Amino acid sequence: MAQLIFPKDFLWGAATASYQIEGGAADDGKGESIWDRFSHIPGKVTNGDTGDVACDHYHRYREDVRLMKELGLKGYRFSISWPRVFPNGRGAVNPQGIDFYNRLVDELLANGIEPAVTLYHWDLPQALQENGGWGNRAIVDDFAAYAAYLFDVLGDRVKKWITHNEPWVVAFAGHFQGRHAPGLTDLPLAVQVTHHLILSHAKAVQAYRASKHGDGQIGITLNLYPSVPASDSESDRAAATLVDGHNNRWFLDPVLKGEYPADILRLYQERLNSPVIEPGDMECIAASPMDFLGINYYFQKVVKHSEVHPILQFEEIKPEGSEYTAMNWEITPQGLTDLLVRLDRDYHHPDLYITENGAAFKDDRRDGGVVDDQDRLKFLQQHFAAAHRALEAGVKLKGYYVWSLMDNFEWAHGYGKRFGLIYIDYQTLERTWKKSALWYREVIRDNGL
Ligand SMILES: N#[N+]C[C@@H]1[C@@H](O)[C@H](O)[C@@H](O)[C@@H]2O[C@H]12
C-alpha cells in the first residue's frame with residue numbers, strides 16, 4: 001500500500017528526444033541536423049558514436065508505444081526533429097517526416113497515452129546553421145513558422161507543447177563550451193543566442209494562442225539547479241548568486257516575469273556587449289505568458305569563487321562523501337524539493353512539470369531476464385519522495401516525466417551512459433525491462449509509493 005499518495009490526475013510519464021532515439025538520420029527525406037554533422041566529426045563524441053541508428057525508434061515506434069502501455073504511462077514527452085519535417089529548416093515540408101509524427105501521436109492516443117511535444121531538443125536543421133543558426137536573429141521567425149505549422153497539423157490531438165529544451169545548454173554548451181553542436185566557443189555569441197531562443201519562445205507562444213488548435217497548454221523546459229555556496233565566505237556566496245543568475249534567473253525571469261535579471265544583464269552588457277535587444281523584444285516576451293514551466297532536474301550545484309574565467313567567476317565542486325551517478329553527478333534529492341519550493345515562492349505559484357529527472361548507472365547486473373538497476377530504482381524513489389515534499393508545501397506540481405523511457409544517445413557521451421527505464425542492446429536493438437521500470441509501473445498504478 002502506497003504511503004505517499006500523489007494528487008488525483010498526477011501525470012506520470014517518461015521522456016525522450018528525437019536525435020537521441022529515432023535513428024533514420026537520412027531516411028524518407030529527412031534533412032541533416034547540426035547533430036548529424038557534429039557527431040560525425042572525429043573526436044566530438046565518445047567512441048565516435050552517432051545518432052545514425054540510435055534506438056531505431058523511427059522504425060520501431062509501435063513496439064515502443066506498446067512498452068509504454070505495458071509500463072502504464074499516462075504521458076510521453078518526445079521531441080520533433082525539425083529537419084525531418086522541414087529538411088531545409090523552412091520552405092518545403094517533407095510529407096514522410098510529418099507523417100511519422102502523425103502516426104506516432106495517433107499510436108499514443110490509441111493507447112491512452114497523452115503526448116507532450118518538445119518543438120526543439122537541439123537538432124537544428126544544418127541548412128539554418130549555414131545561415132548562422134541561433135546566432136542569426138532571422139531564426140526567430142523560422143522557429144515561429146515551424147511551430148505554427150506543427151500547431152496546425154498536430155494541435156488537434158497534441159494539447160501539451162514545450163517550445164525549447166534547456167536553452168542554457170543550447171546556448172552555452174553549443175556556442176561557448178564547444179562540447180555540443182554546433183561546437184562554437186564564443187561567449188558573447190552564446191549570450192546573444194539565449195536572447196534569440198527566449199524571443200523565439202515568445203513568438204511560438206503567440207503563434208499557439210493564435211492557432212486554431214490553441215486550446216491546450218504551452219510552456220518551456222529549463223535545466224535548473226539550486227546553487228549552494230561551498231563555504232559561508234562572501235566570495236563563495238557571490239559565486240553562488242552568479243551561478244543562480246547565469247543558470248537559472250537569466251531564463252526564468254524573462255519567461256515568467258517578462259524581464260532579464262538586472263544583475264546578469266548589467267554583467268553581460270558591460271563585459272560582453274551582449275545581448276543586442278531590439279526595440280519591442282522585451283514587450284513581446286512580456287506579452288507571451290505561458291501555461292506551465294517544465295523543469296529538468298538532475299542535481300544541485302555546489303560552487304566556489306574562482307578566477308578560472310574573467311566573467312564567469314565560479315567553479316563547481318564535488319563534495320566528498322556524497323553518492324554520484326555514472327555521469328559523476330552528485331545525488332541530491334533534497335535539492336529538488338528546495339528548487340520546486342523556491343520556484344513556487346519566487347515566481348508566483350506557477351504550474352510546474354518535472355519534464356526530466358533520472359540517472360545514468362552501469363546497468364551491468366541481470367536478475368533473470370531483467371536488468372537489476374537497484375541504484376536507479378533508489379534514485380527515483382528518493383526523488384519522487386522529494387517531489388511529494390514539495391507538493392505537501394503547496395507547490396502546483398502537475399506531473400513527472402522520468403528521463404528516460406529507454407537508453408539512448410547521450411550526446412557527447414555517446415551510448416556509454418544509460419539513463420533508460422528500458423535497456424537497449426545496441427547490437428540487436430532488443431528492448432529489455434529494468435527493475436526500475438517494473439517498480440515505476442507500480443508507482444503509476446498506485447499513484448504513489
Ligand atoms: N546529460 N544528460 C541527460 C539528459 C539529456 O539526455 C537530455 O537530452 C537533456 O534534456 C538533459 O541533459 C539531460
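How much space lies in the largest cavity of this structure? The answer is about 80 Å³. Please keep in mind that the model before us is predicted.

Let me begin with the general idea. I shall discuss two of them, starting with the largest.

Thirteen is the number to remember here: 13 residues line the largest cavity, and those closest to its centre are Ile34, Tyr120, Trp122, Val170 and Ala181. Two elements, α2 (34-39) and α8 (167-175), each give two or more residues to this lining. Which element supplies the largest share? That element is α8, with four residues. As for the classes of residue, the lining of the largest cavity holds nine nonpolar and four polar residues, with no charged ones.

I now turn to the second largest cavity, whose volume is about 70 Å³. Its lining includes Phe299, Gln300, Lys301 and Val302.

How many charged residues does the lining of the second largest cavity have? There are four, alongside five nonpolar and two polar residues. The lining of the largest cavity, to recall, has no charged residues.

Methods:
Residues numbered from 1 in each chain as written. Predicted model: local features only at pLDDT ≥ 70, side-chain atom pairs only at ≥ 80, totals over all residues. Heavy atoms only, no water. 1 Å grid on protein atoms, 1.4 Å probe; cavity = no way out; pocket = protein on both sides within 12 Å on 5 of 7 lines; lining within 4 Å. Points joined across faces, edges and corners; volume = space filled by probe spheres on them. Nonpolar A, V, L, I, M, F, W, Y, C, P; charged D, E, K, R; others polar.
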